[in-house]
Amino acid sequence: MLKLTPSDITLSQTADDKLAAIRNIALSLSDKELVDNGYVEGMLNREAQNSTYLGNGIAIPHGTTDTRSMVNTTGVAIHHFPEGVNWGDGNTAYVAIGIAAKSDEHLSILKQLTKVLAADGVESKLRQATSKEEIIALLQGNVQLEADLDAALIQVQFPASDMVQMSAVAAGLIKNAGNAQSEFVADLVTKSPTHLGQGLWLVGSNKAVSRTAVSYVSTANDCEFEGQPVKGLVAFAACNDAHASILANLSRIVFQGNQEQLLHADNTQVVELLSGNTVTQEQEKGNQATFKIKNAHGLHARPGAMLVAEAKKFESNIRVSNLDGDGKAVNAKSLMKVIALGVKHGHQLQFSAEGPDAALALESIGKAIASGLGEG
């Protein structure tokens with residue numbers, strides 16, 4: 001398995017198009033004496049056969065089987081494009097991993113990237129990266145992109161009689177999950193929480209936190225804090241900004257006055273609400289649409305990439321579920337999550353959008369699907 005090093009990475013690159021980018025990457029491979037000069041033709045021919053764009057701003061240009069004889073030593077040359085490179089089909093690459101492989105070593109790289117390609121937030125992080133070490137950490141999956149939040153971090157209807165007990169339980173859930181130390185618990189119970197309305201509160205701490213997480217505790221008891229009712233508490237332990245999306249979802253819940261929906265939810269529903277995996281009342285009012293997939297082979301890589309590229313044109317939060325699958329909604333701007341829906345010919349996809357251009361986004365997505373998503 002290849003181990004990435006800072007010497008493999010070249011920062012602050014620009015290219016007019018993906019072919020220019022590939023030529024520059026091939027030159028880096030040649031300069032490192034990993035390949036002979038003619039290897040670039042194999043890389044360009046491979047790209048002509050099928051796009052090497054993977055998703056989340058990552059492409060892996062490499063040669064054809066006919067050019068393996070031109071590989072002297074297996075290795076990589078990674079170019080970082082802060083401004084992005086158009087990789088075709090509406091996809092933008094911010095990192096291109098040029099691969100020189102004597103056999104099928106590129107498959108091990110794909111395996112290493114699986115977790116990265118499935119995570120939200122990677123693309124923006126790669127675009128904003130400023131150091132070689134940061135890029136390596138992102139590609140190796142060593143950067144936490146999403147806060148830990150699962151049923152084990154939820155405690156509903158706990159018989160708490162005051163805010164201190166609520167805070168202690170919420171902090172204890174995070175500590176027991178291994179995300180923080182005892183100092184975190186001691187610090188959180190001293191914090192003054194923020195009232196979000198209707199008895200829902202928010203509190204957080206960054207003391208002795210090893211991994212960002214969010215917990216939730218609700219109570220059926222009649223208790224108050226500073227003259228306001230206490231019904232539920234969202235707590236977060238933060239050592240990075242991985243909880244930002246959850247706080248954004250919480251803000252939407254509060255803005256729309258849906259606190260009661262969270263306060264009366266069970267463990268699974270709490271996770272779905274805070275993760276943004278449920279349809280909000282705003283979306284239920286009209287910003288939903290269902291389209292049937294006409295592509296003969298369903299949503300494989302190419303049409304899937306086209307669909308994601310269409311969704312990324314819009315500011316709105318767009319989610320999609322396969323009504324002929326498990327029905328779970330996922331981020332429509334994540335290629336790996338869209339492909340993981342297992343969409344086949346004839347399956348119906350339900351889209352929900354929330355934001356300033358929600359209606360336009362659904363209309364545009366519908367037209368893209370009707371046109372065959374690049375496959376006619």
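The chain of this predicted model splits into three stretches: domain 1 (6–140), domain 2 (151–275) and domain 3 (288–371). Between the C-alpha centres of domain 2 and domain 3 there is a gap of 32 Å.

Let's start with helix α8. Its 12 residues, 244–255, reach 16 Å from the first C-alpha to the last, close to the 16 Å expected at 1.5 Å a residue. Four names make up its buried set: Ile246, Asn249, Leu250 and Ile253. These sit on the same side of α8, because they cover an arc of only 100 degrees around the axis. What do the buried residues of α8 pack against? Their partners are the strands β7 (194–197), β8 (200–205), β9 (213–225) and β10 (228–237), along with α9 (259–263) and α10 (267–275). Just past the end of α8 comes Gly257, with a positive phi of about 70 degrees.

Now for strand β12, residues 317–322. It is largely enclosed by the rest of the structure, since 5 of its 6 residues are buried. β12 pairs with β14 (residues 348–354) and also with β13 (residues 330–331). Here is how the two pairings look:

| Pairing | Sense | Bridges | Example of facing residues |
|---|---|---|---|
| β12 with β14 | antiparallel | 6 bridges | Ser321 and Gln350 |
| β12 with β13 | antiparallel | 2 bridges | Val320 and Val330 |

Key
Residues are numbered from 1 along each chain as its sequence is written. This is a predicted model: local features need pLDDT of at least 70, side-chain atom pairs count only at pLDDT 80 or more; totals for chains, interfaces and linings use all residues. Side-chain values use heavy atoms; hydrogens and water are left out. The expected span of a helix is 1.5 Å times one less than its number of residues. Buried means under 20% relative accessible area, exposed over 50%, partly exposed in between (1.4 Å probe, protein chains only). The arc is that of the directions from the helix axis to the C-beta atoms. Contact means heavy atoms within 4.5 Å. Domain bounds come from an automatic or database domain assignment. Two strands pair if DSSP finds at least two bridges between them.
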